[in-house]
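This report describes aromatic pairs, charges placed over rings, and salt bridges. The sequence and structure are shown first, followed by the account in running text.

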Amino acid sequence: MTPLRLGYLYGFGAYLLWGFFPLYLKLLRPAGPLEILSHRIVWSVVFVALLLAALRNVGFLRALLRRPRALAGIGVAAALIAVNWGTYIYGVNSDRVVETALGYFINPLVVVLLGVTVLRERLRPAQWAALGVGASAVAVLAVDYGRLPWLALTLAFSFGGYGLVKKRLGLPPAEGLFVESAVLALPALGYLLWLTRRAESTFGHVSAGHTALLVLAGAATAIPLLLFAGAANRLPLSSLGMIQYLAPILQFGCGVLVFHEPMPPARLAGFALVWLALIVFTADAVRQSHRTRTAATAPRTATPAPTR
């Protein structure tokens, strides 16, 4: 199998798992969002630690401890991904899967906005148009919901900020996930022990299957991230950008078709505006990628030798 095909296989695998993740989270009831989040953090540490031990790749920790700025960045990344995971779990288990899908639909637009405000990047006219349409969509949805879609915005900005911090840190996926989860593991474990002491923990008290699903939350977190890393190393950015919409499309389908969440006309109009913004954004990204490749492969005219 060629690296390109393997990259597509990894990419579709990652986004399929993320797309159907609401179905998994629903199975973790009656555990509450904070309990699920805590198990997800603790078992992620265990899963990735075993993986790194199997790969005999634990020496990176010593080098990392000598980089205080990197450790501070990891702390910020850990806080952002904890907010993202916790908000997502809360959204799914409060029957707002459609709104969580909205968060990941608008995430690419938020990434562009962060590029302008934080990295001082300059946008092309089509990117400004996409941001404008996306802002209009949020306004329409705010009128429909009777409030700002804060859950979707929290997901989009927390994941966008997480990606920005991760880009600056430059850590490999498995090592980065391990350190981020390890930062959060102590408070997560403390919360689980507190629940157990109050006899409010569901772990080991619902069924063997439920307990196993809570333990497997670590693998369910790490595996898609590792598949995504494999795809990112093998696929052009334009191709990866195209398939990133698979996950929110599947989440949207789960919310409407499986969980039968309401979709009134005004809300559908808001989503239609989001999709229009993404079409403009993606078309511009593909066109720019094509221009870059064309310029890179175009034959250069040789400079004539100076006459004497």
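## Aromatic and charged side-chain contacts

The structure holds 17 aromatic pairs, where rings of Phe, Tyr and Trp (its six-membered ring) pair if their centres lie within 6.5 Å, and planes under 30 degrees apart count as stacked, over 60 as edge-to-face and the rest as tilted. In the pair of Tyr 15 and Phe 228, the ring centres are 6.2 Å apart and the planes stand at 90 degrees, so the arrangement is edge-to-face. This pair links distant parts of the chain, with Tyr 15 in helix H1 (residues 3-19) and Phe 228 in helix H11 (residues 217-232), 213 residues apart. Helices (H or I, at least four residues) and strands (E, at least two) are DSSP runs, numbered from the N terminus.

The model is predicted; local features need pLDDT of at least 70, side-chain atom pairs count only at pLDDT 80 or more, and totals for chains, interfaces and linings use all residues. Residues are numbered from 1 along each chain as its sequence is written, and side-chain values use heavy atoms, with hydrogens and water left out.

Tyr 15 is buried at a relative accessible area of 9%, whereas Phe 228 is partly exposed at 27%. Here buried means under 20% relative accessible area, exposed over 50%, and partly exposed in between (1.4 Å probe, protein chains only).

Tyr 88 and Tyr 104 also form an edge-to-face aromatic pair, with 5.9 Å from centre to centre and 70 degrees between the planes. Tyr 88 belongs to helix H5 (residues 68-93) and Tyr 104 to helix H6 (residues 97-117), so that distant parts of the chain, 16 residues apart, are linked. Tyr 88 is buried, its relative accessible area being 4%; Tyr 104 likewise counts as buried, at 17%. Both tyrosines belong to one aromatic cluster, formed by Phe 21, Tyr 24, Tyr 88, Tyr 104, Phe 159 and Tyr 162.

Charges also sit over rings, a contact that requires NZ of Lys or CZ of Arg within 6 Å of the ring centre and within 35 degrees of the ring normal. Lys 26 lies over the face of Phe 259, at 4.6 Å from the ring centre. Arg 40 takes such a position over Trp 85, at 4.4 Å from the ring centre.

The count of salt bridges comes to 9, each being a side-chain nitrogen of Lys or Arg within 4 Å of a carboxyl oxygen of Asp or Glu. Three of these are tabulated below.

| Asp 95 | Lys 26 | 2.7 Å |

Lys 26 is buried at 14% relative accessibility, while Asp 95 is partly exposed at 46%.

Glu 99, at 2% relative accessibility, counts as buried, and Arg 96 is buried at 17%. Glu 99 lies in helix H6 and Arg 147 in the loop between helix H7 (125-145) and helix H8 (150-169), so this pair ties together parts that are 48 residues apart in sequence. Arg 147 is partly exposed, with a relative accessible area of 30%. Elsewhere, salt bridges that share partners join Lys 26, Arg 29 and Asp 95 into one network.
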